[in-house]
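Hi there,

Here is the structure I promised to pass on.

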Amino acid sequence: VIDSLPENLKNYIQNINLQKDYKIKNADQLYFLNKTTSTSQLERYFVCPFLFYTDYGLRLKENPSSKLKQLDTGNILHEVAELFMQKFAKNPQIDIQKTANAIVNQILAEEYIAEDNKYLSKIIVEEAIRLCQKLADEQTHSHFKPVALEKYFGTKNNSQVDLALGISLEGKIDRIDKYNDRFRIIDYKS
């Protein structure tokens, strides 16, 4: 690959002298603002260190757009799960399809221009209905019941998990369910 590069670039690359014991001296400041990290950051690092670097080191952001992107689907469905569980906890007899539809339309109206996103919006509504049905079925057939939704932990409320080198873990638990003296932690993934 290097041989196919222009001569000046090839010379530049060949003259780079990296030391074997090279260390980033300010990595804690670069990656761990306020000496904290989150499970999402750790997960991103282990999935792809380069994406971790661009997201949390360089803090690159996409230009905002009113267009709905496939990546937005996961965020929308996550919000659907959160809002549906709030409603379902208050009234397990709700019309699942109607509720899911209303939640998705509310989210899309707040965040995106529906006219520009008709096809993907339709797919998201269908997936949201399936998701809400599964959440309702799971709640109906389980002894575990939600005791907390969107529960934050970290330095702000003095409930962080201390890791090595003075770094603390903080984040948000999507749902905590309880049955007798047992708990389960639910992390919505799409």
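A word on the basis first. This is a predicted model, in which local features need pLDDT of at least 70 and side-chain atom pairs count only at pLDDT 80 or more, while totals for chains, interfaces and linings use all residues. Residues are numbered from 1 along each chain as its sequence is written, and side-chain values use heavy atoms, with hydrogens and water left out.

The chain has seven helices and six strands; helices (H or I, at least four residues) and strands (E, at least two) are DSSP runs, numbered from the N terminus. In order from the N terminus, the elements read α-α-β-α-α-α-α-α-β-β-β-β-β. Of the 190 residues, 31% count as buried, where buried means under 20% relative accessible area, exposed over 50%, and partly exposed in between (1.4 Å probe, protein chains only). Taking contacts (heavy atoms within 4.5 Å) between residues at least 6 apart in sequence, 62% join residues at least 24 apart.

On the cysteines: with a disulfide taken as a pair of cysteine sulfur atoms within 2.5 Å, the count is zero. Cys48 is partly exposed, at 24% relative accessible area, whereas Cys132 is buried, at 0%.

Helix H6 spans residues 96-111 and includes Asn105. Ile96 counts as buried because its relative accessible area is 16%. Its C-alpha atom is 9.3 Å from that of Arg130, which is 34 residues away in sequence. Asn105, by contrast, counts as partly exposed because its relative accessibility is 42%. Between the C-alpha atoms of Asn105 and Ile124, 19 residues apart along the chain, the separation is 9.8 Å.

Next, the part of the chain around H4. Phe52, Thr54 and Gly57 are buried in this helix, and after H4 comes Arg59, with a positive phi near 55°. Ser38 sits in the loop between S1 and helix H3 (39-47). Ser38 counts as buried because its relative accessibility is 17%. Apart from neighbours within four places in sequence, Ser38 is in contact with Leu169 and Glu170.

Glu170 comes up again in the second largest pocket: 15 residues line this pocket, and Leu33, Thr36, Thr37, Gln41 and Glu170 lie nearest its centre. Helix H2 (27-31), strand S1 (36-37) and helix H4 (49-57) are the elements that each give two or more residues to the lining. The lining divides into five nonpolar, six polar and four charged residues; Ala, Val, Leu, Ile, Met, Phe, Trp, Tyr, Cys and Pro count as nonpolar, Asp, Glu, Lys and Arg as charged, and the others, Gly among them, as polar. The volume of the pocket is about 240 Å³. For the terms, a pocket is an open set of points on a 1 Å grid over the protein atoms alone, where a 1.4 Å probe fits, with protein on both sides within 12 Å along at least five of seven lines, and lining residues have an atom within 4 Å of a point. Points are joined across faces, edges and corners, and the volume is the space filled by probe spheres set on them.

Best wishes
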